[in-house]
Structure formats: C-alpha cells, structure tokens
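Please find below a short note on the model under review.

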Amino acid sequence: MKKTAKIGAVAAAAAMAISLGACQSTPTETTVPSGEPAVENTASTQVYHIGIVQQEEHAALDAATLGFQEKLTELLGAENVVFDPQIAQGDMSFCTTIVSKFVADDVDLIMANATTALQAASSGTTTIPVVGTSVTDYVTAGVVESNDHPGSNVTGTSDLAPIGEQIDLLTELLPDAAHVGLLYCSAEPNSLFQIEKAEEALDAKGVTYTRYTIADSNDLQAVMTKAASEVDAIYIPTDNTIAKTMDLVKNISLEAGTPVITGEENMCKGGGLATLSISYYDLGTVTAQMAYEILVNGQNPADMPIEFASAPTKMYNPEIAEALGITIPADYVALDLT
C-alpha cells in the first residue's frame, strides 16, 4: 500500500469535574435526543440515591454517563433522584474507594461505567444492585454467570460492536492492506476480547496481522511508531487507555501515512480514519431504563439479561481522509470535528 504523510490538527474535549479525594464527579447539562418516545413518569415520591463510578474520563464514557443520568432523571423525575458521579482516573484502587463510599452511604443503586469500575462494584457489594455500561464482555470480566442469566446483583449493557463488520469496513476502505496491526492495552481484558474477535475475522479473510500491545499510556508512542512503520493499517478496539491519547495516535499515523480504524466514534474523531460505531449516549439511556426497572418495578438484576448495543453507523474523519488521500464511500457519515 502506498503511504502519504500529512499532519493535521484535532480537537477532542469532554469534561467532568467535582472531587472526591483523588476522584472526580460531574453534573449533566445536555438534553435527551429528539425522536425518543415520551415516557410517563410512574415513579413514587421516593428519592433514589444513585452512585456512579466511572473508570476514567474520555468522551465515550462521558457520553454513556450523561445518557444514563438524563434518561433516569426523565424516568424518575428530577425531584426523585440524586446522583453522586465519581471518576476514578483509570486507577482500580480509586474505583474500590469510590464503591466503598457508596456502600457506606447505602445508595439505592450503583452504575459502573467500564470494566474496571464494574469489577470494583461487583467485588464491593453483593446486596446493592449494580448496572454496568461501556463493558465489552461481562463474562470475561468475571461479574456474571452468563449474559442471559447474570445470576447476581449485577447486570447492564455491553458496548461490544460487531467486530467482524469493523474488519469488513477496514478491508472495504483499505483493500490493499495486506498486513494489519492490532494495537491495544494488555491490561484491559475488554480489549483482548475484541482483538481475538478481530483476529478471527482477519483469518477468515486471509489477511496477515500482528499484535502490538502496551502496558499503559507510557508505552504508546514507541509501540505505535513501530506498528505504523511495519504494517499497512492499524485496528484499535474500544480501548480506554488508548482512547485518552488519540492525539498521539493521530500524529504518528499521519506522519507514517498509516490509516487507523477505531472501535468507536470518539476515538475516530481523535485521529482515526473510520469506524463502525455505536452511540454511547444511547447505551447510557438503555442502562437507565434497566436501572428504572430495578428501582421502581422491583426487577432482580440476576434475572435481567445483558443488553447489547444496536444499529452501529459507518463514520469517517474527513480531516484524516483528506490527509491520507483516501476516498470514502457515500454511505459513510462524516464526523463533525468542531
């Protein structure tokens, strides 16, 4: 594959901040998407206290938390719900500290956003209901018995995108990519799960691939530089560690002329060429509906199957496509980079 190199600029911002010791929390301020059916508020006058533990701060996780808070507020009524949202900044020990506080406060429900946060919540309580979101595979995370029958106080929504279709997207846009790099953080079981699915899809297509792993964000520059110099294209799944540093991925990939396909839209905005992505905001709203069923209608999380995202969309980054000289088919949606 012929490579070109240009360096563009990207803006990526999503903010949440109120402190809990070394942790942070965030309010919500955007509106529920138009087109959703109106939901009658059938909640009682009880005030529900909801603890939110978010693994770290980046746009996809922020969107899921926002969707959860806004939808649950709509369902319960603003006067009937109090949120305590906390961000652990990627530290498992902070997740544990946050969950311990929620347990001590005897909250009515814990929402755990991303795998590490969910593992901490699952370990921290067997009595308080826990709903997860932005978690790729609950069984691999070790928090449920099965997706159909969780079997404990934990249920939630999965952000598992159709990995095979993402690889189809890669080969559609980059038909000359004979060697694909698979870049992910080895500390994230959710990422390894997706990489194994990607390898199955690439094997089926007869495409050669190489794994490139980082232990944490400190490794990214060296590993990404090596990968970009050795392969024709790079695939990065919904990896929380890399999602926070997509500006570095962008700069290296453009300098080498190596396109990057990402697992979700916010990573693509940060420097990927294209993605087949779910909406994390919508995922959060589904999680809120599950929470409502538990809080108001008395459903048992043990009996509530894990819900999966639907209707992913083909998206592309117009700045990256122009810089690499790649023509994008008409059925892809251009991401708004403003």
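How many salt bridges does a search of the whole structure find?

1. The search of the whole structure finds 10 salt bridges, a salt bridge being a side-chain nitrogen of Lys or Arg within 4 Å of a carboxyl oxygen of Asp or Glu. Side chains of opposite charge can pair when their charged atoms come close.

2. This is a predicted model, in which local features need pLDDT of at least 70 and side-chain atom pairs count only at pLDDT 80 or more, while totals for chains, interfaces and linings use all residues. Residues are numbered from 1 along each chain as its sequence is written, and side-chain values use heavy atoms, with hydrogens and water left out.

3. The average pLDDT of the chain is 89, and 87% of the residues score at least 70; pLDDT is the predictor's confidence in each residue, from 0 to 100. Over residues 1-43, however, pLDDT stays under 50. For residues 1-43 the model has 114 contacts beyond four places in sequence, where contact means heavy atoms within 4.5 Å. Where pLDDT is low, the predicted coordinates should not be read in detail.

4. Glu199 and Arg211 form a salt bridge through their side chains, at 2.6 Å from N to O. This pair links distant parts of the chain: Glu199 lies in helix α6 (residues 189-205) and Arg211 in strand β9 (residues 208-214), 12 residues apart. Helices (H or I, at least four residues) and strands (E, at least two) are DSSP runs, numbered from the N terminus. Glu199 is buried, at 11% relative accessibility, whereas Arg211 is partly exposed at 36%. Buried means under 20% relative accessible area, exposed over 50%, and partly exposed in between (1.4 Å probe, protein chains only).

5. A salt bridge also joins Glu319 and Lys250, with 2.6 Å between the closest N and O atoms. The two residues are 69 residues apart and link distant parts of the chain, with Glu319 in helix α12 (residues 318-324) and Lys250 in helix α9 (residues 246-256). Glu319 is partly exposed, with a relative accessible area of 24%, while Lys250 is buried at 2% relative accessibility.

6. Asp331 and Lys314 meet in a salt bridge of 3.3 Å, N to O. Asp331 belongs to the loop between α12 and β15 (333-334), and Lys314 to strand β14 (residues 313-316), 17 residues apart. Asp331 is partly exposed, at 46% relative accessible area, and Lys314 is partly exposed at 25%.
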